[in-house]
2 protein chains.
Amino acid sequence: MTEPRINPNVSVDCVIFSFEDDGLEVLLIERNAGQNRIEDDLLALPGNLIYEDETLDAAANRVLRELTGLKNIYLEQVYTFGDPARINKQKDQDWLHSIRAHPEARVITVAYTSLVKKSNFKISPSSFARQAMWVKVKEVPQLAFDHNALLEKALEYLKHKIYIEPLGYELLPERFTLAQLQKLYEAILDDHFDKRNFRRKVLRTSFIIPLNEKQKGVAHKPAGLYRFDKSKFHKI
Amino acid sequence: MTEPRINPNVSVDCVIFSFEDDGLEVLLIERNAGQNRIEDDLLALPGNLIYEDETLDAAANRVLRELTGLKNIYLEQVYTFGDPARINKQKDQDWLHSIRAHPEARVITVAYTSLVKKSNFKISPSSFARQAMWVKVKEVPQLAFDHNALLEKALEYLKHKIYIEPLGYELLPERFTLAQLQKLYEAILDDHFDKRNFRRKVLRTSFIIPLNEKQKGVAHKPAGLYRFDKSKFHKI
(Lines give C-alpha, C1' and ligand atoms only; values in the text may rest on other atoms or scores of the structure.)
Protein backbone atom coordinates (compact mmCIF):
# COMPACT_ATOMS: atom_id res chain seq x y z
CA MET A 1 0.00 0.00 0.00
CA THR A 2 1.38 3.40 -0.97
CA GLU A 3 1.17 6.37 1.34
CA PRO A 4 -1.53 8.86 0.33
CA ARG A 5 -0.10 11.92 -1.39
CA ILE A 6 -0.33 15.09 0.70
CA ASN A 7 -1.56 18.40 -0.73
CA PRO A 8 0.97 20.91 0.65
CA ASN A 9 -1.30 23.92 0.02
CA VAL A 10 -4.58 23.06 1.71
CA SER A 11 -5.36 22.10 5.29
CA VAL A 12 -8.43 21.61 7.46
CA ASP A 13 -8.87 22.69 11.09
CA CYS A 14 -11.58 21.55 13.47
CA VAL A 15 -13.20 23.82 16.05
CA ILE A 16 -15.03 21.37 18.30
CA PHE A 17 -17.12 22.99 21.01
CA SER A 18 -18.52 21.27 24.04
CA PHE A 19 -21.58 22.67 25.75
CA GLU A 20 -21.16 22.64 29.51
CA ASP A 21 -23.45 24.23 32.06
CA ASP A 22 -20.95 26.97 32.83
CA GLY A 23 -20.14 27.89 29.24
CA LEU A 24 -18.59 26.54 26.06
CA GLU A 25 -15.30 24.66 25.88
CA VAL A 26 -13.14 24.01 22.82
CA LEU A 27 -10.91 21.06 21.97
CA LEU A 28 -7.23 21.98 21.62
CA ILE A 29 -4.01 20.05 21.12
CA GLU A 30 -0.42 20.37 22.23
CA ARG A 31 1.85 19.74 19.27
CA ASN A 32 4.62 17.25 19.33
CA ALA A 33 7.80 19.10 18.49
CA GLY A 34 9.07 16.61 15.93
CA GLN A 35 12.55 15.18 15.67
CA ASN A 36 14.36 18.45 16.36
CA ARG A 37 12.67 18.71 19.76
CA ILE A 38 12.06 22.40 19.37
CA GLU A 39 10.21 24.06 22.18
CA ASP A 40 6.58 24.36 21.24
CA ASP A 41 4.23 25.83 23.78
CA LEU A 42 1.50 27.07 21.48
CA LEU A 43 -1.78 25.22 21.74
CA ALA A 44 -3.53 24.63 18.42
CA LEU A 45 -6.81 23.52 16.95
CA PRO A 46 -6.64 19.97 15.64
CA GLY A 47 -5.76 20.38 11.96
CA ASN A 48 -3.51 19.12 9.20
CA LEU A 49 -2.89 19.08 5.44
CA ILE A 50 -5.38 17.20 3.28
CA TYR A 51 -4.60 14.24 1.04
CA GLU A 52 -4.80 14.78 -2.71
CA ASP A 53 -7.48 12.14 -3.16
CA GLU A 54 -9.90 13.02 -0.35
CA THR A 55 -12.74 15.53 -0.10
CA LEU A 56 -12.48 18.40 2.38
CA ASP A 57 -15.21 16.87 4.56
CA ALA A 58 -13.41 13.52 4.64
CA ALA A 59 -10.13 15.26 5.48
CA ALA A 60 -11.72 17.10 8.41
CA ASN A 61 -13.09 13.87 9.82
CA ARG A 62 -9.82 12.01 9.33
CA VAL A 63 -7.63 14.72 10.84
CA LEU A 64 -9.86 15.11 13.87
CA ARG A 65 -9.84 11.37 14.45
CA GLU A 66 -6.08 11.05 13.95
CA LEU A 67 -5.21 13.83 16.35
CA THR A 68 -7.84 13.52 19.06
CA GLY A 69 -9.58 10.16 18.67
CA LEU A 70 -12.98 11.85 18.15
CA LYS A 71 -15.06 10.25 15.43
CA ASN A 72 -18.61 10.11 14.06
CA ILE A 73 -19.03 13.82 14.61
CA TYR A 74 -21.16 15.88 12.26
CA LEU A 75 -18.73 18.56 11.10
CA GLU A 76 -19.88 21.66 9.29
CA GLN A 77 -17.72 23.89 7.16
CA VAL A 78 -17.47 27.41 8.57
CA TYR A 79 -15.00 29.51 6.62
CA THR A 80 -11.76 29.36 4.67
CA PHE A 81 -8.72 31.33 5.80
CA GLY A 82 -6.16 32.18 3.17
CA ASP A 83 -4.12 35.18 4.21
CA PRO A 84 -0.63 34.75 2.71
CA ALA A 85 0.74 35.89 6.09
CA ARG A 86 -1.25 33.47 8.23
CA ILE A 87 1.86 31.53 9.22
CA ASN A 88 3.80 34.47 10.60
CA LYS A 89 4.83 33.45 14.10
CA GLN A 90 8.41 32.25 14.50
CA LYS A 91 7.28 29.38 16.69
CA ASP A 92 4.89 28.16 13.99
CA GLN A 93 7.58 28.38 11.33
CA ASP A 94 10.02 26.47 13.55
CA TRP A 95 7.44 23.86 14.22
CA LEU A 96 6.61 23.43 10.54
CA HIS A 97 10.30 23.08 9.74
CA SER A 98 10.59 20.35 12.34
CA ILE A 99 7.72 18.33 10.99
CA ARG A 100 6.81 19.08 7.37
CA ALA A 101 8.19 18.44 3.91
CA HIS A 102 7.31 21.90 2.54
CA PRO A 103 7.41 24.20 5.54
CA GLU A 104 7.42 27.35 3.39
CA ALA A 105 4.33 26.48 1.33
CA ARG A 106 1.42 28.87 1.50
CA VAL A 107 -1.37 26.98 3.24
CA ILE A 108 -5.04 27.81 2.88
CA THR A 109 -7.14 26.26 5.62
CA VAL A 110 -10.78 25.29 5.72
CA ALA A 111 -12.33 25.54 9.19
CA TYR A 112 -14.94 23.03 10.33
CA THR A 113 -17.00 23.10 13.50
CA SER A 114 -19.29 21.00 15.65
CA LEU A 115 -21.01 21.35 18.99
CA VAL A 116 -20.98 18.22 21.14
CA LYS A 117 -21.37 17.05 24.71
CA LYS A 118 -17.85 16.15 25.80
CA SER A 119 -19.02 13.37 28.12
CA ASN A 120 -20.11 11.46 24.99
CA PHE A 121 -16.55 11.26 23.68
CA LYS A 122 -13.22 9.90 24.82
CA ILE A 123 -10.13 11.84 23.87
CA SER A 124 -7.09 9.90 22.72
CA PRO A 125 -4.38 12.06 21.20
CA SER A 126 -1.99 10.65 18.63
CA SER A 127 -0.11 11.59 15.42
CA PHE A 128 1.63 14.90 16.18
CA ALA A 129 -0.73 15.72 19.06
CA ARG A 130 1.06 14.81 22.28
CA GLN A 131 -1.97 15.98 24.22
CA ALA A 132 -5.58 16.95 23.56
CA MET A 133 -7.79 18.78 26.04
CA TRP A 134 -10.97 20.76 26.52
CA VAL A 135 -10.32 24.41 27.37
CA LYS A 136 -12.94 26.94 28.42
CA VAL A 137 -13.50 29.29 25.48
CA LYS A 138 -13.08 32.28 27.80
CA GLU A 139 -9.67 31.02 28.90
CA VAL A 140 -8.17 30.20 25.51
CA PRO A 141 -4.66 31.69 25.26
CA GLN A 142 -2.84 32.82 22.13
CA LEU A 143 -2.98 29.87 19.73
CA ALA A 144 -0.80 28.67 16.87
CA PHE A 145 -1.15 30.20 13.38
CA ASP A 146 -4.39 32.22 13.01
CA HIS A 147 -6.33 29.76 15.12
CA ASN A 148 -7.74 32.44 17.42
CA ALA A 149 -9.43 33.95 14.36
CA LEU A 150 -10.78 30.53 13.37
CA LEU A 151 -12.20 30.10 16.86
CA GLU A 152 -13.88 33.53 16.70
CA LYS A 153 -15.43 32.75 13.33
CA ALA A 154 -16.77 29.41 14.55
CA LEU A 155 -18.30 31.09 17.61
CA GLU A 156 -19.99 33.65 15.38
CA TYR A 157 -21.28 30.83 13.16
CA LEU A 158 -22.78 29.11 16.20
CA LYS A 159 -24.49 32.29 17.37
CA HIS A 160 -26.12 32.77 13.99
CA LYS A 161 -27.05 29.14 13.80
CA ILE A 162 -29.00 29.09 17.04
CA TYR A 163 -31.53 31.44 15.42
CA ILE A 164 -31.97 29.16 12.46
CA GLU A 165 -31.79 25.64 13.87
CA PRO A 166 -32.89 24.05 17.13
CA LEU A 167 -29.28 23.47 18.10
CA GLY A 168 -30.11 22.26 21.55
CA TYR A 169 -31.98 19.30 20.21
CA GLU A 170 -28.95 17.01 20.36
CA LEU A 171 -27.39 18.54 23.45
CA LEU A 172 -30.24 18.59 25.94
CA PRO A 173 -32.07 15.55 27.20
CA GLU A 174 -35.23 14.75 25.26
CA ARG A 175 -37.27 16.26 28.08
CA PHE A 176 -35.59 19.28 29.62
CA THR A 177 -36.28 22.09 32.06
CA LEU A 178 -36.32 25.77 31.13
CA ALA A 179 -33.26 26.24 33.36
CA GLN A 180 -31.34 23.76 31.20
CA LEU A 181 -32.49 25.47 28.03
CA GLN A 182 -31.53 28.87 29.39
CA LYS A 183 -28.02 27.63 30.16
CA LEU A 184 -27.61 26.42 26.58
CA TYR A 185 -28.63 29.78 25.11
CA GLU A 186 -26.48 31.65 27.63
CA ALA A 187 -23.46 29.48 26.82
CA ILE A 188 -23.76 29.92 23.06
CA LEU A 189 -24.73 33.59 23.04
CA ASP A 190 -22.32 34.40 25.87
CA ASP A 191 -24.98 36.38 27.61
CA HIS A 192 -27.06 36.29 30.77
CA PHE A 193 -30.84 36.38 30.62
CA ASP A 194 -33.40 37.27 33.21
CA LYS A 195 -35.18 34.05 34.16
CA ARG A 196 -38.68 35.43 33.87
CA ASN A 197 -38.06 37.19 30.56
CA PHE A 198 -36.48 34.07 29.13
CA ARG A 199 -39.42 31.98 30.27
CA ARG A 200 -41.90 34.39 28.72
CA LYS A 201 -40.09 34.42 25.38
CA VAL A 202 -39.76 30.66 25.28
CA LEU A 203 -43.45 30.16 25.95
CA ARG A 204 -44.28 32.53 23.11
CA THR A 205 -42.48 30.32 20.58
CA SER A 206 -44.41 27.45 19.05
CA PHE A 207 -41.52 24.97 18.96
CA ILE A 208 -40.80 24.51 22.66
CA ILE A 209 -43.64 22.42 23.98
CA PRO A 210 -44.54 22.21 27.68
CA LEU A 211 -45.15 18.62 28.80
CA ASN A 212 -47.56 17.68 31.48
CA GLU A 213 -44.68 16.35 33.58
CA LYS A 214 -42.27 17.47 36.25
CA GLN A 215 -38.74 16.49 37.21
CA LYS A 216 -38.45 13.49 39.50
CA GLY A 217 -36.02 12.69 42.28
CA VAL A 218 -34.64 16.22 42.77
CA ALA A 219 -34.02 17.81 46.14
CA HIS A 220 -35.52 21.17 45.17
CA LYS A 221 -39.03 21.94 43.98
CA PRO A 222 -39.38 19.93 40.74
CA ALA A 223 -39.44 22.02 37.55
CA GLY A 224 -41.74 21.44 34.58
CA LEU A 225 -40.38 19.55 31.58
CA TYR A 226 -40.40 20.63 27.94
CA ARG A 227 -39.56 19.19 24.54
CA PHE A 228 -38.54 20.59 21.12
CA ASP A 229 -40.85 20.34 18.15
CA LYS A 230 -38.32 20.40 15.34
CA SER A 231 -40.92 20.52 12.57
CA LYS A 232 -42.43 23.71 13.98
CA PHE A 233 -39.03 25.36 14.27
CA HIS A 234 -38.37 24.82 10.58
CA LYS A 235 -41.69 26.37 9.58
CA ILE A 236 -40.72 29.68 11.20
CA MET B 1 7.51 44.50 -13.01
CA THR B 2 7.31 40.73 -12.69
CA GLU B 3 4.10 38.82 -13.24
CA PRO B 4 2.41 37.74 -10.00
CA ARG B 5 2.93 34.04 -9.28
CA ILE B 6 -0.21 31.95 -9.69
CA ASN B 7 -1.28 29.37 -7.10
CA PRO B 8 -2.28 26.38 -9.25
CA ASN B 9 -4.27 24.72 -6.44
CA VAL B 10 -6.70 27.38 -5.25
CA SER B 11 -9.30 29.41 -7.13
CA VAL B 12 -12.15 31.77 -6.32
CA ASP B 13 -15.56 31.92 -7.99
CA CYS B 14 -18.10 34.73 -7.71
CA VAL B 15 -21.85 34.17 -7.58
CA ILE B 16 -23.25 37.65 -8.20
CA PHE B 17 -27.00 37.89 -7.93
CA SER B 18 -29.12 40.73 -9.19
CA PHE B 19 -32.51 41.39 -7.63
CA GLU B 20 -35.09 42.10 -10.29
CA ASP B 21 -38.81 42.43 -9.78
CA ASP B 22 -39.51 39.13 -11.49
CA GLY B 23 -36.87 37.09 -9.66
CA LEU B 24 -33.13 36.74 -9.15
CA GLU B 25 -30.56 36.76 -11.94
CA VAL B 26 -26.96 35.58 -11.80
CA LEU B 27 -23.88 36.85 -13.63
CA LEU B 28 -22.31 34.25 -15.94
CA ILE B 29 -19.51 34.28 -18.49
CA GLU B 30 -18.80 32.59 -21.79
CA ARG B 31 -15.23 31.38 -21.79
CA ASN B 32 -12.78 32.21 -24.49
CA ALA B 33 -11.52 28.94 -25.90
CA GLY B 34 -7.83 29.83 -25.82
CA GLN B 35 -5.32 29.40 -28.62
CA ASN B 36 -6.51 25.95 -29.58
CA ARG B 37 -9.95 27.33 -30.40
CA ILE B 38 -11.67 24.39 -28.84
CA GLU B 39 -15.41 24.45 -28.81
CA ASP B 40 -16.59 25.69 -25.44
CA ASP B 41 -20.29 26.14 -24.94
CA LEU B 42 -20.46 25.82 -21.15
CA LEU B 43 -21.34 29.00 -19.31
CA ALA B 44 -19.41 29.51 -16.07
CA LEU B 45 -19.34 31.65 -12.96
CA PRO B 46 -16.62 34.28 -13.13
CA GLY B 47 -13.67 32.65 -11.40
CA ASN B 48 -9.94 32.00 -11.66
CA LEU B 49 -6.83 30.86 -9.79
CA ILE B 50 -5.52 33.13 -7.03
CA TYR B 51 -2.09 34.77 -6.90
CA GLU B 52 0.36 33.52 -4.29
CA ASP B 53 0.63 36.91 -2.63
CA GLU B 54 -3.00 37.95 -2.38
CA THR B 55 -5.72 37.18 0.16
CA LEU B 56 -8.78 35.20 -0.89
CA ASP B 57 -10.98 38.31 -0.58
CA ALA B 58 -8.63 40.32 -2.77
CA ALA B 59 -8.49 37.51 -5.32
CA ALA B 60 -12.29 37.38 -5.52
CA ASN B 61 -12.48 41.11 -6.15
CA ARG B 62 -9.70 41.05 -8.74
CA VAL B 63 -11.05 38.07 -10.66
CA LEU B 64 -14.57 39.49 -10.79
CA ARG B 65 -13.22 42.82 -12.06
CA GLU B 66 -10.92 41.21 -14.62
CA LEU B 67 -13.60 38.99 -16.11
CA THR B 68 -16.73 41.15 -15.92
CA GLY B 69 -15.68 44.71 -15.14
CA LEU B 70 -17.69 44.74 -11.89
CA LYS B 71 -15.91 46.43 -9.01
CA ASN B 72 -16.51 47.90 -5.57
CA ILE B 73 -18.84 45.06 -4.71
CA TYR B 74 -19.07 43.74 -1.18
CA LEU B 75 -18.30 40.06 -1.64
CA GLU B 76 -18.95 37.53 1.09
CA GLN B 77 -17.40 34.12 1.34
CA VAL B 78 -19.97 31.35 1.13
CA TYR B 79 -18.35 27.94 0.99
CA THR B 80 -15.28 26.09 -0.24
CA PHE B 81 -15.60 23.25 -2.75
CA GLY B 82 -12.84 20.70 -2.82
CA ASP B 83 -14.04 17.44 -4.29
CA PRO B 84 -11.08 15.81 -6.05
CA ALA B 85 -13.47 15.02 -8.92
CA ARG B 86 -14.90 18.49 -9.32
CA ILE B 87 -13.25 18.94 -12.74
CA ASN B 88 -14.71 15.85 -14.36
CA LYS B 89 -16.36 17.07 -17.55
CA GLN B 90 -14.39 16.50 -20.75
CA LYS B 91 -15.22 20.01 -21.94
CA ASP B 92 -13.77 21.52 -18.78
CA GLN B 93 -10.61 19.44 -19.08
CA ASP B 94 -10.22 20.44 -22.73
CA TRP B 95 -10.71 24.05 -21.85
CA LEU B 96 -8.17 23.94 -19.03
CA HIS B 97 -5.65 22.30 -21.35
CA SER B 98 -6.15 25.10 -23.85
CA ILE B 99 -5.55 27.88 -21.32
CA ARG B 100 -3.65 26.82 -18.21
CA ALA B 101 -0.14 25.88 -17.27
CA HIS B 102 -1.14 23.02 -14.93
CA PRO B 103 -4.43 21.74 -16.31
CA GLU B 104 -4.28 18.54 -14.25
CA ALA B 105 -3.78 20.23 -10.86
CA ARG B 106 -6.42 19.60 -8.23
CA VAL B 107 -8.15 22.91 -7.68
CA ILE B 108 -10.03 23.84 -4.52
CA THR B 109 -12.35 26.78 -5.05
CA VAL B 110 -13.67 29.34 -2.59
CA ALA B 111 -17.12 30.67 -3.55
CA TYR B 112 -18.05 34.30 -2.92
CA THR B 113 -21.40 35.97 -3.33
CA SER B 114 -23.11 39.33 -3.46
CA LEU B 115 -26.58 40.64 -4.18
CA VAL B 116 -26.69 43.79 -6.28
CA LYS B 117 -29.01 45.79 -8.51
CA LYS B 118 -27.74 45.21 -12.04
CA SER B 119 -28.72 48.66 -13.24
CA ASN B 120 -25.99 50.05 -10.94
CA PHE B 121 -23.22 48.23 -12.83
CA LYS B 122 -21.89 48.10 -16.35
CA ILE B 123 -20.62 44.76 -17.60
CA SER B 124 -17.41 44.74 -19.63
CA PRO B 125 -16.00 41.26 -20.17
CA SER B 126 -12.29 40.76 -20.69
CA SER B 127 -9.46 38.30 -19.88
CA PHE B 128 -10.74 34.85 -20.86
CA ALA B 129 -14.38 35.94 -20.70
CA ARG B 130 -15.51 36.66 -24.24
CA GLN B 131 -18.95 37.52 -22.93
CA ALA B 132 -20.63 38.21 -19.57
CA MET B 133 -24.37 38.28 -19.06
CA TRP B 134 -27.17 38.20 -16.50
CA VAL B 135 -29.20 35.00 -16.62
CA LYS B 136 -32.43 34.31 -14.72
CA VAL B 137 -31.58 31.88 -11.92
CA LYS B 138 -34.50 29.68 -12.95
CA GLU B 139 -33.15 29.42 -16.49
CA VAL B 140 -29.51 28.63 -15.69
CA PRO B 141 -28.37 25.66 -17.84
CA GLN B 142 -25.68 23.11 -16.96
CA LEU B 143 -22.59 25.12 -16.07
CA ALA B 144 -18.86 24.45 -16.20
CA PHE B 145 -17.13 22.47 -13.42
CA ASP B 146 -19.32 22.19 -10.27
CA HIS B 147 -20.68 25.70 -10.73
CA ASN B 148 -24.33 24.63 -10.48
CA ALA B 149 -23.55 23.39 -6.95
CA LEU B 150 -21.85 26.70 -6.12
CA LEU B 151 -24.91 28.56 -7.33
CA GLU B 152 -27.20 26.39 -5.18
CA LYS B 153 -25.06 26.98 -2.11
CA ALA B 154 -25.04 30.73 -2.66
CA LEU B 155 -28.83 30.75 -3.02
CA GLU B 156 -29.16 28.83 0.23
CA TYR B 157 -26.79 31.30 1.91
CA LEU B 158 -28.96 34.20 0.74
CA LYS B 159 -32.13 32.56 2.04
CA HIS B 160 -30.61 32.11 5.48
CA LYS B 161 -29.22 35.59 5.42
CA ILE B 162 -32.51 37.32 4.85
CA TYR B 163 -33.61 36.12 8.30
CA ILE B 164 -30.51 37.56 9.93
CA GLU B 165 -29.82 40.80 8.09
CA PRO B 166 -32.03 43.45 6.51
CA LEU B 167 -30.77 42.48 3.06
CA GLY B 168 -33.15 44.74 1.25
CA TYR B 169 -31.59 47.80 2.78
CA GLU B 170 -29.22 48.34 -0.14
CA LEU B 171 -31.53 47.09 -2.86
CA LEU B 172 -34.74 48.97 -2.25
CA PRO B 173 -35.10 52.73 -2.39
CA GLU B 174 -34.72 54.39 1.01
CA ARG B 175 -38.49 54.71 1.16
CA PHE B 176 -40.29 51.76 -0.34
CA THR B 177 -43.76 50.29 -0.66
CA LEU B 178 -44.83 46.97 0.82
CA ALA B 179 -45.30 45.67 -2.73
CA GLN B 180 -41.62 46.36 -3.43
CA LEU B 181 -40.59 44.67 -0.19
CA GLN B 182 -42.76 41.66 -0.94
CA LYS B 183 -41.15 41.26 -4.37
CA LEU B 184 -37.71 41.24 -2.73
CA TYR B 185 -38.67 38.50 -0.27
CA GLU B 186 -40.41 36.53 -2.99
CA ALA B 187 -37.38 36.74 -5.27
CA ILE B 188 -34.92 35.60 -2.61
CA LEU B 189 -37.08 32.94 -1.00
CA ASP B 190 -38.45 31.80 -4.38
CA ASP B 191 -41.93 31.79 -2.97
CA HIS B 192 -45.22 33.59 -3.37
CA PHE B 193 -46.91 35.25 -0.41
CA ASP B 194 -50.46 36.33 0.14
CA LYS B 195 -50.49 40.13 0.09
CA ARG B 196 -52.53 40.54 3.27
CA ASN B 197 -50.59 37.94 5.22
CA PHE B 198 -47.30 39.51 4.19
CA ARG B 199 -48.54 42.95 5.19
CA ARG B 200 -49.67 41.69 8.58
CA LYS B 201 -46.33 39.98 9.27
CA VAL B 202 -44.34 43.02 8.22
CA LEU B 203 -46.32 45.33 10.43
CA ARG B 204 -45.70 43.02 13.38
CA THR B 205 -41.91 43.47 13.06
CA SER B 206 -40.33 46.44 14.74
CA PHE B 207 -37.73 47.17 12.04
CA ILE B 208 -39.97 48.10 9.12
CA ILE B 209 -41.28 51.53 9.93
CA PRO B 210 -44.38 53.04 8.30
CA LEU B 211 -43.80 56.63 7.20
CA ASN B 212 -46.50 59.21 7.10
CA GLU B 213 -46.11 59.48 3.35
CA LYS B 214 -47.50 58.05 0.17
CA GLN B 215 -46.15 57.44 -3.33
CA LYS B 216 -46.34 60.41 -5.67
CA GLY B 217 -46.93 60.60 -9.41
CA VAL B 218 -48.30 57.11 -9.87
CA ALA B 219 -51.30 56.28 -12.03
CA HIS B 220 -52.83 53.89 -9.51
CA LYS B 221 -53.92 54.58 -5.94
CA PRO B 222 -50.70 55.68 -4.18
CA ALA B 223 -49.32 53.18 -1.66
CA GLY B 224 -47.89 54.02 1.76
CA LEU B 225 -44.12 54.27 2.11
CA TYR B 226 -41.90 52.47 4.64
CA ARG B 227 -38.28 52.49 5.76
CA PHE B 228 -35.92 50.00 7.43
CA ASP B 229 -34.66 50.57 10.95
CA LYS B 230 -31.38 48.65 10.79
CA SER B 231 -30.56 49.11 14.47
CA LYS B 232 -33.84 47.47 15.54
CA PHE B 233 -33.28 44.54 13.20
CA HIS B 234 -29.96 43.75 14.84
CA LYS B 235 -31.49 43.75 18.31
CA ILE B 236 -33.85 40.94 17.38
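Buried means under 20% relative accessible area, exposed means over 50%, and partly exposed lies in between (1.4 Å probe, protein chains only). The legends below describe a predicted model, in which local features need pLDDT of at least 70, side-chain atom pairs count only at pLDDT 80 or more, and totals for chains, interfaces and linings use all residues. Residues are numbered from 1 along each chain as its sequence is written, chains are lettered from A and ligands numbered from 1 in the order in which they are written, and side-chain values use heavy atoms, with hydrogens and water left out.

**View 1. A salt bridge between B:R31 and B:D92.** The side chains of B:R31 and B:D92 form a salt bridge with an N to O distance of 3.0 Å. (A salt bridge is a side-chain nitrogen of Lys or Arg within 4 Å of a carboxyl oxygen of Asp or Glu.) B:R31 belongs to strand β2 of chain B and B:D92 to helix α2 (residues 90-99), so the pair links distant parts of the chain, 61 residues apart. Helices (H or I, at least four residues) and strands (E, at least two) are DSSP runs, numbered from the N terminus. B:D92 is buried, at 0% relative accessibility, and B:R31 is buried too, at 1%.

**View 2. The salt bridge of A:D22 and A:K136.** In chain A, the closest N and O atoms of A:K136 and A:D22 are 2.9 Å apart. A:K136 is in strand β7 (residues 129-136) and A:D22 in the loop between β1 (6-20) and β2 (23-31), 114 residues apart. A:D22 is exposed, with a relative accessible area of 57%, while A:K136 is partly exposed at 29%. Over all chains, the structure holds 22 salt bridges.

**View 3. The salt bridge of B:D22 and B:K136.** In chain B, B:D22 and B:K136 form a salt bridge, with their closest N and O atoms 2.9 Å apart. B:D22 lies in the loop between β1 and β2, and B:K136 in strand β7. B:D22 counts as exposed at 58% relative accessibility, and B:K136 as partly exposed at 30%.

**View 4. The interface of chain B and chain A.** Each side of the contact (heavy atoms within 4.5 Å) has 25 residues, from chain B and from chain A. About 1,800 Å² is buried between the chains, 56% of it from carbon and sulfur atoms; this buried area is the accessible area (1.4 Å probe) that two parts lose on being put together, summed over both. B:Q77, B:R106 and B:I164 supply 26% of the area that chain B buries against chain A, more than any other three residues.

View 5. The same surface serves both copies, as 100% of the contact residues of chain B recur in chain A.

**View 6. Two residues with positive phi.** A:D190, although not a glycine, has a positive phi of about 50 degrees. A:D190 sits in the loop between α4 (178-189) and α5 (195-204) of chain A and is partly exposed at 46%. B:F145, also not a glycine, has a positive phi of about 45 degrees and is buried at 12% relative accessibility.
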